[in-house]
Amino acid sequence: MIHWLRLHRLALLATLRLILAHPLASLFNLLVIGIAVALPLGLYALVSNLQGLAGQLPTETQASVFLHTNAGPADIGRVQTLLSQDPAIASARHINKHQALKDLEQTSGMADLLAGLGDNPLPDSFELTLKDGASTDLAALQTRLKADAAIEYVQLDSEWAQRLAGIIRLGREAALTVAALFGAALMLITANLIRMQILTRREEIEVSKLIGATDSFIRRPFLYFAAVQGLLGALVGIALVGLGLSRLNGPVSQLASLYGQGFQLHLPSLPALGLSLAIVALLSLLGATLSVGKHLRSIGN
C-alpha cells in the first residue's frame with residue numbers, strides 16, 4: 001500500500017513539474033479547456049438565475065373578463081353571479097366602463113381626445129383572483145366563461161409567467177445539449193493533448209517497456225496529467241463565468257431597478273460547481289484513457 005501511494009505521489013509531482021515547466025503551453029491548454037467549460041456553465045448559470053427570479057414572482061393567478069360593449073345591467077348581473085358561483089374563482093371585482101374611462105382620462109392625459117370619441121369604447125370588465133391550483137385548469141375555466149354570450153374575451157394575467165416557465169425549460173434543455181456537445185469536445189481535446197505527450201515521450205515509453213514497466217505504470221502519469229489539467233481548466237472556466245456575470249450585473253441591476261426590483265446574477269451553487277469539476281475530471285480521464293490505451297497498443301506492436 002505504501003509503495004502504491006508513493007507511485008501515485010510521484011506521478012502527481014511529475015504532472016505538476018511538467019505543467020510548470022511549460023507555463024505558456026499549459027496556459028493555452030487551460031484556456032481552451034476553460035472556454036469549453038465556461039460556455040455550458042455560463043448558460044446554466046443564466047438559466048438558474050432566471051429560474052430563481054421566476055420563483056420570486058407572485059404566484060397568485062389572476063384573470064380579466066371583458067364583456068361586450070353593448071352589455072346591459074342584466075348581463076352584468078348574470079356574469080357576476082356566474083363568477084361568484086365558479087369553484088375556481090376566489091374573488092371577482094366589477095370595473096364599470098364609465099369609471100374605467102374616467103381613470104383612463106386621468107392617467108393618459110388625453111382627456112380632450114377621449115371626449116371627442118362620443119360613445120364610450122371601453123367595455124365593463126371583471127378582475128378575477130383564482131384559487132390555488134386553479135392555474136392547472138385554465139383552459140377549462142376559459143371555456144366555461146366564454147360560454148356566456150355577454151363575455152367577449154378572457155385574458156389570463158399570468159400567461160406571461162407561463163411563457164417565462166417555458167423559456168426556462170427551453171434554456172435548461174439547451175444548456176444540457178450544449179454541455180453534452182462540449183463534453184464530447186473536451187474528451188477529444190484531452191485525447192489530443194495526451195497523444196502529443198505520448199509522441200514526444202515515445203522513446204522513453206519504449207525503453208520503459210523493455211525494462212519491464214507495466215502498462216499501468218506508464219499510463220499513470222498521463223492520467224494524472226489529464227485529471228489535473230481538467231480540474232485547473234474547469235477552475236479557469238468558473239472564473240470566466242464569474243467574470244462575465246460580474247460584468248452583466250451592472251446592466252441587470254439598472255434594468256431591475258426600473259421595475260422596482262433588486263436582482264443580481266450569481267454563480268451556481270457550490271454543489272453544482274463541485275459536480276462540474278467532477279464531470280470535467282471524469283471526461284478528461286476518459287479521454288486520456290482512450291488515447292493512452294490506443295497508443296500503448298501501437299507501441300507494443
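Predicted model: local features only at pLDDT ≥ 70, side-chain atom pairs only at ≥ 80, totals over all residues.
The sheet comes first: four strands form an open sheet in the order S2-S3-S1-S4, and the pairing is antiparallel. Two strands count as paired if DSSP finds at least two bridges between them. Strands here are DSSP runs of type E with at least two residues, helices are runs of H or I with at least four residues, and both are numbered from the N terminus. S2 and S4 stand at the edges with a single partner strand each, so one side of each has no neighbour in the sheet. From one strand to the next, the twist averages 20°, where axes are lines fitted to C-alpha atoms, for helices over the stretch in contact, and angles run from 0 to 180 degrees between N-to-C directions.

Residues are numbered from 1 along each chain as its sequence is written, and side-chain values use heavy atoms, with hydrogens and water left out.

Let us look at strand S3 and its partners. S1 and S3 pair in the antiparallel sense over five bridges, while S2 and S3 pair in the antiparallel sense over six bridges. Which residue of S3 stands opposite alanine 63? That residue is leucine 128. Leucine 128 is also the bridge partner of alanine 92. Elsewhere in S3, phenylalanine 126 stands opposite valine 65. Is S3 mostly covered or mostly uncovered? S3 is mostly covered, as five of its six residues are buried. Buried means under 20% relative accessible area, exposed means over 50%, and partly exposed lies in between, with a 1.4 Å probe and protein chains only.

I turn now to the salt bridges. A salt bridge is a side-chain nitrogen of Lys or Arg within 4 Å of a carboxyl oxygen of Asp or Glu. How many does a search of the whole structure find? The search finds four.

One of them belongs to the sheet. Glutamate 127 forms a salt bridge with arginine 93, and their closest N and O atoms are 3.0 Å apart. Glutamate 127 lies in strand S3 (residues 125–130) and arginine 93 in strand S2 (residues 89–95), so this pair ties together parts that are 34 residues apart in sequence. Glutamate 127 is partly exposed at 37% relative accessibility, and arginine 93 is partly exposed at 47%.

Next comes a network: Asp75, Arg78 and Asp148 are linked by salt bridges. Aspartate 75 is partly exposed, with 23% relative accessibility. Arginine 78 is likewise partly exposed, at 37%. The side chain of arginine 78 also meets that of aspartate 148 in a salt bridge, at 2.9 Å from N to O. Arginine 78 lies in helix H3, whereas aspartate 148 lies in the loop between helix H6 (138–146) and strand S4 (151–156), so the pair ties together parts that are 70 residues apart in sequence. Aspartate 148 is buried, with a relative accessible area of 11%.

The aromatic rings are the next topic. Rings of Phe, Tyr and Trp (its six-membered ring) pair if their centres lie within 6.5 Å; planes under 30 degrees apart count as stacked, over 60 as edge-to-face and the rest as tilted. By this rule, the count comes to one aromatic pair. Phenylalanine 66 and tyrosine 153 form this pair, which is stacked, with 6.4 Å from centre to centre and 25° between the planes. Because phenylalanine 66 lies in strand S1 (residues 62–67) and tyrosine 153 in strand S4, the pair ties together parts that are 87 residues apart in sequence. Phenylalanine 66 is partly exposed at 25% relative accessible area, and tyrosine 153 is partly exposed at 41%.

Leucine 24 is exposed, with a relative accessible area of 55%.
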